[in-house]
Amino acid sequence: MEIKELLQGIKFSAAHPSVLEREALHLTCQSTDVKPGTLFVAIKGESKDGHVFVEDAFRKGAVACVTDMHSDKPFAAQLPLIRTENTRFVFSLLAARHFLHPSRDVGVTGITGTNGKTTTSFLVQHIFNRFSSCGLIGTVHYQIGNQIIPSKNTTPSAYDLNWMLAQMKKVGMKHCSMEISSHALTQDRAAHLRFRSAVFTNLTQDHLDYYKDMETYYQAKRKLFVKTPRPEKVFINIDNAYGARLAGEIYPRPFTFGIVNKADFMAHDIRVGLGGIAFNVRAREKLIPVRVAMPCLHNVYNVLGAFACAYEEGWDPEAIADSLRTFRGVPGRMQKVDAGQDFFVFVDYAHSPDAFHNVLSSVKKLAAKRIITVFGCGGDRDNAKRPLMGREAGLFSDTVVLTSDNPRSEDPEKILDQIQVGVETRPGKQVLRITNREEAIHRALDIAEAGDIVLVLGKGHENYQIVGDQKHPFDDRLVIEKLLRESARVGA
Ligand SMILES: Nc1ncnc2c1ncn2[C@@H]1O[C@H](COP(=O)(O)OP(=O)(O)OP(=O)(O)O)[C@@H](O)[C@H]1O
Ligand SMILES: [Mg+2]
């Protein structure tokens, strides 16, 4: 596409206007990806500033460079620089144009919130595949047609998002289920996508290392619902206080869902077991029984959100409910590890105080015997949540085994100290500290007796442990299976 076409409607000034007639063969904001004919967009990021690489980009054959900074370097006047404001926002528009706005042809369901994005996105994809063909972009992986691509980022760059949607369109996919992280919203990565549906799962404390307070974090999430173009349909969990607030702030009136507050999509007669959940969805005047093989009360919300999106596509509610019968769960989300042992083991990705509360309180209601919880907190990330997660673990568990969860550059023992402060607000619990995660899991499995529930929290589907700047292979599920098989307990 010609550069002037790409820039249509954007305010800019070009030092060498003839460059606007040239074709941009490629588009990137990464100087390492520049090839001859590329339009390079310099963006000031959090760790690197793309403006530093402008000369380098031209050396590699960039046709022009879009920048939002004034350069007084002598070379600047010689080069075809295009000056504009907020290159990050502009890049998102250029990416959508470069790929001919694929979100106009692929119906995107965008899901945001502190917890439940991945789970809801898998549910949406599963249900939509019954009626149509649905791709996936999120934390666990990306899926285009039958191709599964390992995930780099919950919500990748504007370029990758549009590239993937264009690929989905090419292979004939009609829908895409997409997680939208708050970081992506802050950085306008999805700013120029068109959303057929947007879902708000909840907002609770997390990422306070990145956002200075909850209000800033809320405003980041809110962007998805007030951006231009607006999502065609909006679905909000109004049992969450921020959800209720959001529902009152946007127009036209969104669809609501919940269990407690009166909503458009409500769950009634909820039954929760270790094997899954069953309830009736009330949608308009209809009551539709639903059964999903995924334990814990919070998953009722995830199912409701996904159900509501499918219902408003106009699909038969009985068929939607039927599709959920074959849902096999989400990797690392209350995933049961069963090697024939006489106690229960679940791996879950809970890594925020609210997720801890939900998983533990739900499991506590079902536990006939003891709960043994193994977990840690990530290093170099929000440390305010450490004692809060400790508190929840102490509240609902009989034994807490504190261990490492990506300590990164921090001293693992110091992280454990901060978690332990919270656990100790609940006296009388057995607290063990074993920084080596495999040994900690080993210990928990050793302690477990028939009927007990072992919860290994925090890593979910992750298959690594980051210590210092080294990424070591580590998968809770494989480690547990190995330890169970090695122990004499299996099949007893
Ligand atoms: N609707 C929900 N409400 C509260 N907690 C939830 C909900 N759904 C899932 N959780 C908890 O949060 C954890 C993460 O869930 P999930 O991966 O679906 O969320 P996410 O929003 O994609 O998280 P992330 O931003 O880390 O990718 C789960 O393992 C579970 O413990
Ligand atoms: Mg996720």
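How many Å should the 15 residues of α4 span, and how far apart are its end C-alpha atoms? We get to that in the second view; first, a word on the model.

This is a predicted model, in which local features need pLDDT of at least 70, side-chain atom pairs count only at pLDDT 80 or more, and totals for chains, interfaces and linings use all residues. Residues are numbered from 1 along each chain as its sequence is written, chains are lettered from A and ligands numbered from 1 in the order in which they are written, and side-chain values use heavy atoms, with hydrogens and water left out.

**View 1. The magnesium ion (ligand 2) and its donors.** Three residues coordinate this ion: Thr 118 and Thr 139, each through OG1, and Glu 179 through OE, at 2.1 to 2.2 Å. A donor here is an N, O or S atom within 2.8 Å of the metal (3.2 Å for Na, K and Ca); water is not among the atoms, so sites may look incomplete. Along the chain, the donors are spaced as T-x20-T-x39-E. Helices (H or I, at least four residues) and strands (E, at least two) are DSSP runs, numbered from the N terminus. Thr 139 counts as buried because its relative accessibility is 17%, and Glu 179 counts as buried at 2%. For these labels, buried means under 20% relative accessible area, exposed over 50%, and partly exposed in between (1.4 Å probe, protein chains only).

**View 2. Helix α4, end to end.** The expected span is 1.5 Å times one less than the number of residues in the helix. Most of α4 is covered, with 11 of its 15 residues buried. Among the buried ones are Lys 117, Thr 118, Thr 119, Phe 122 and Phe 128.

**View 3. Ligand 1 and the residues around it.** What surrounds ligand 1? There are 20 residues in its shell, and the closest are Lys 117, Thr 118, Thr 119, Arg 333 and Asp 348. A residue is near a molecule or strand if one of its heavy atoms lies within 4 Å of it. By class, the shell holds four nonpolar, 11 polar and five charged residues. In that sorting, Ala, Val, Leu, Ile, Met, Phe, Trp, Tyr, Cys and Pro are nonpolar, Asp, Glu, Lys and Arg are charged, and the others, Gly among them, are polar.

**View 4. Polar contacts and cover at ligand 1.** A polar side-chain atom of Asn 202 comes to 3.1 Å from a nitrogen atom of the ligand. A backbone N or O atom of Thr 114 is 3.2 Å from a ligand oxygen, and a polar backbone atom of Ala 350 lies 3.4 Å from an oxygen atom of ligand 1. On its own, ligand 1 exposes 630 Å², and the protein buries 95% of that. Such areas come from the Shrake-Rupley method with a 1.4 Å probe; for residues, only the protein chains shown count as cover. Elements giving two or more residues to the shell are α4 (117-131), α9 (298-311) and α11 (353-366). The largest share, four residues, comes from α11.

**View 5. Ser 361 in helix α11.** Buried or exposed? Ser 361 is buried, as its relative accessible area is 15%. Its side chain reaches the backbone oxygen of His 357 at 2.6 Å. A polar contact is a pair of N or O atoms within 3.5 Å; within protein, one must be able to donate a hydrogen and the other to accept it, and residues adjacent in sequence count only if both atoms are side-chain atoms.

**View 6. Two cis peptide bonds.** One joins Thr 228 and Pro 229, with omega about -10 degrees. Pro 229 is in the loop between α7 (214-226) and β12 (233-237). The other runs from Tyr 251 to Pro 252, with omega near 0 degrees, and Pro 252 lies in the loop between α8 (241-249) and β13 (255-258).
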